[in-house]
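Dear colleague,

I am passing on to you the structure we spoke about, with its sequence, and I would be glad if you could read my notes below with the coordinates open beside them.

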Amino acid sequence: MHEYTSTARVWGLSCPGFPEEVSRARRWTRDILRDSPLAEDAELIVSELGANAILHTASGREHGSFHLALAVTAQVVAVSVTDDGGTTTAPKVEHQDQEADEHGRGLGMVSAIAHRVVVHDSDHGHTVTAELYADATQGGHPWR
């Protein structure tokens, strides 16, 4: 992509709500971003958000699924995971101390890695979007 192009390239993947599908989503992300310095962070975010969808929403139930979108521009890699809902509360970042239970830290870890995390609710589920920005001061570029 040319450095002055502002058009995003967008990919989508729908996965059945099985735990092994999180691995497939991670590989898919790694393949798309193979030349990006942000690939490892994006892959980790996909893993956390996909696992959260399966563990905490209707995505992990029979016939459930989760949906992944990856948008890439010269400045940003945005990773979005949409679940099937089925919960009364939206995902939120839980700030727990180091000694606390290991559950509930996934979205907190995502917000520590990403530059921005946004949660959208709808009648049909939740979408969590994590944005990773290229480091302009070091000439970083998410896509080469």
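**Sheet, helices and core**

Strands β3 and β5 pair in the antiparallel sense over seven bridges, where strands are DSSP runs of E of at least two residues and helices are runs of H or I of at least four, both numbered from the N terminus, and where two strands count as paired if DSSP finds at least two bridges between them. In this pairing A78 has E131 of β5 as its bridge partner.

Before going further, please keep in mind that this is a predicted model, in which local features need pLDDT of at least 70 and side-chain atom pairs count only at pLDDT 80 or more, while totals for chains, interfaces and linings use all residues. Residues are numbered from 1 along each chain as its sequence is written, and side-chain values use heavy atoms, with hydrogens and water left out.

The protein chain has three helices and five strands, and from the N terminus on these elements follow the order β-α-α-β-β-α-β-β. The five strands form an open sheet in the order β1-β2-β3-β5-β4, with antiparallel pairing. Because β1 and β4 (116–122) stand at the edges with a single partner strand each, one side of each is left without a neighbour in the sheet. On average, neighbouring strands of this sheet are turned by 15° against each other, direction ignored; axes here are lines fitted to C-alpha atoms, for helices over the stretch in contact, and angles run from 0 to 180 degrees between N-to-C directions.

Two helices deserve attention with the sheet. Helix α1 packs on it, touching β1 and β2, and its direction makes about 165° with that of β1, a contact being heavy atoms within 4.5 Å. Helix α2 also packs on the sheet, where it touches β2, β3 and β5, and its direction makes about 15° with that of β3.

At the other end of the strand order, β4 and β5 pair in the antiparallel sense over seven bridges, and a hairpin joins β4 to β5 through two residues. The bridge partner of H120 in β5 is T127. V128 lies in strand β5 and is buried, with a relative accessible area of 7%; buried means under 20% relative accessible area, exposed over 50%, and partly exposed in between, with a 1.4 Å probe and protein chains only. V128 and A53 are 75 residues apart in sequence, yet their C-alpha atoms are 9.7 Å apart in space.

The largest nonpolar core has 28 residues, and those with the most contacts inside it are L33, I45, F66, L68, L70, V77 and V79; such a core is a set of buried Ala, Val, Leu, Ile, Met, Phe, Trp, Tyr and Cys residues joined through side-chain atoms within 4.5 Å. At least two residues of this core come from each of β1 (9–16), α1 (20–32), α2, β2, β3 (76–82), α3 (106–113) and β5 (125–133), and α2 gives the most, with seven residues. Leaving out residues up to four places away in sequence, I45 touches V79, V110, I113, A114, A130 and L132.

Which residues does I113 touch, not counting those up to four places away in sequence? They are D41, L44, I45 and L132. I113 is found in helix α3 and is partly exposed, at a relative accessible area of 22%. The C-alpha atoms of I113 and I45 are separated by 8.0 Å, although the two residues are 68 apart along the chain.

Two residues in the loop between α2 (39–56) and β2 (65–72) are also worth a look. T57 has its place there and counts as buried at 10% relative accessibility. A polar atom of the T57 side chain lies 2.5 Å from the backbone oxygen of A53. Apart from neighbours within four places in sequence, T57 is in contact with N52, D83, D84, G85 and T87. H63 lies in the loop between α2 and β2 and counts as exposed at 75% relative accessibility; its phi is near 70°, a positive value in a residue other than glycine.

For the chain as a whole, 40% of the 144 residues count as buried. Of the contacts with a separation of 6 or more, 62% are accounted for by residues 24 or more positions apart.

With best regards

Key:
A polar contact is a pair of N or O atoms within 3.5 Å; within protein, one must be able to donate a hydrogen and the other to accept it, and residues adjacent in sequence count only if both atoms are side-chain atoms.
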